[in-house]
Amino acid sequence: MTLFRLDASILPATSASRALGDLVEQEWSAAHPESSIVRRDLAAEPIAATAWQAAVTAGFVPEAERSEAQRDAATLATTLADELISADALLFTVPLYNFGVSQHFKTWFDVAYTDSRIDPEGTALNGKPATLVTVLGGNYGPGTPKDGWDHSTAWLRRVLEDVWGLDLRVVERPFTLVGVNPALDAFSDMAAELKQQAEADASRSGRELAALRAERAAA
């Protein structure tokens, strides 16, 4: 039994998204102590932005005529897809960066997506239990001054839930820059409550992942 975990934070030592991901992983491991964790750290091993172009163009060229870059990118795409397909459950921790999707995650997704098993016609990931952990430095919810400035979470949900068909749950923690940015000091109490709620959501999600996997195994 395997949990695949992908981390996208560029600051692993102080990462709020990784800390929440740890809570999800702890609950999974407590329920399935015999399981293995396959990790992909996009900060430690980022995927080159050029890999996507090479992977896409490789599909237009007979294998024997591909360049070295195209062959390497096609092999990488297969590896990334294999990690997803072979896992029993998936965990993604992806912060909001500059109001948009992490470039490391976007490149990873684009390269993996060139594998035909997980493109729109593929079904290899349909129904697989997964958790997305995402954190936001500010608060972009309804009624806030920057409502609508989060251009990451909706896209992440779309590609994971609708494109790949994952059985997805989302753990979200806003206001992670409270205590870091003095301009947000007035929101300390709210941020503490949101952190506590996100931690509870992460632990519950880990238990749900473990339970769903057990149900699928028994079916």
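Start with the order of elements: colour the protein chain from its N terminus and you can follow β-α-β-α-α-β-β-β-α-β-α-β-α. That gives 6 helices and 7 strands, where helices (H or I, at least four residues) and strands (E, at least two) are DSSP runs numbered from the N terminus. The model is predicted: local features need pLDDT of at least 70, side-chain atom pairs count only at pLDDT 80 or more, and totals for chains, interfaces and linings use all residues. Residues are numbered from 1 along each chain as its sequence is written, and side-chain values use heavy atoms, with hydrogens and water left out.

**The whole chain**

Zoom out to the C-alpha trace, which spans about 60 × 40 × 30 Å along its principal axes.

Colouring by burial comes next: 44% of the 219 residues are buried, with buried meaning under 20% relative accessible area, exposed over 50% and partly exposed in between (1.4 Å probe, protein chains only).

**Stop one: threonine 2**

Select threonine 2 in strand S1 (residues 2–7). Is this residue buried or exposed? Threonine 2 is buried, at a relative accessible area of 16%. Show its surroundings and, leaving aside residues up to four places away in sequence, you will find that threonine 2 touches Trp28, Ser36, Val38, Ala87, Asp88 and Ala89. With serine 36 there is also a side-chain to side-chain polar contact at 3.3 Å; such a contact is a pair of N or O atoms within 3.5 Å, and within protein one must be able to donate a hydrogen and the other to accept it, while residues adjacent in sequence count only if both atoms are side-chain atoms.

**Stop two: phenylalanine 99**

Move to the loop between strand S4 (96–97) and strand S5 (100–101), where phenylalanine 99 sits. Its phi is near 70°, a positive value in a residue other than glycine. Phenylalanine 99 counts as partly exposed, at 30% relative accessibility.

**Stop three: phenylalanine 175**

Finish in the loop between strand S7 (167–173) and helix H6 (188–218), and pick phenylalanine 175. Here phi is near 60°, again positive in a residue other than glycine. Phenylalanine 175 is buried, with a relative accessible area of 5%.

How values were computed:
Contact means heavy atoms within 4.5 Å.
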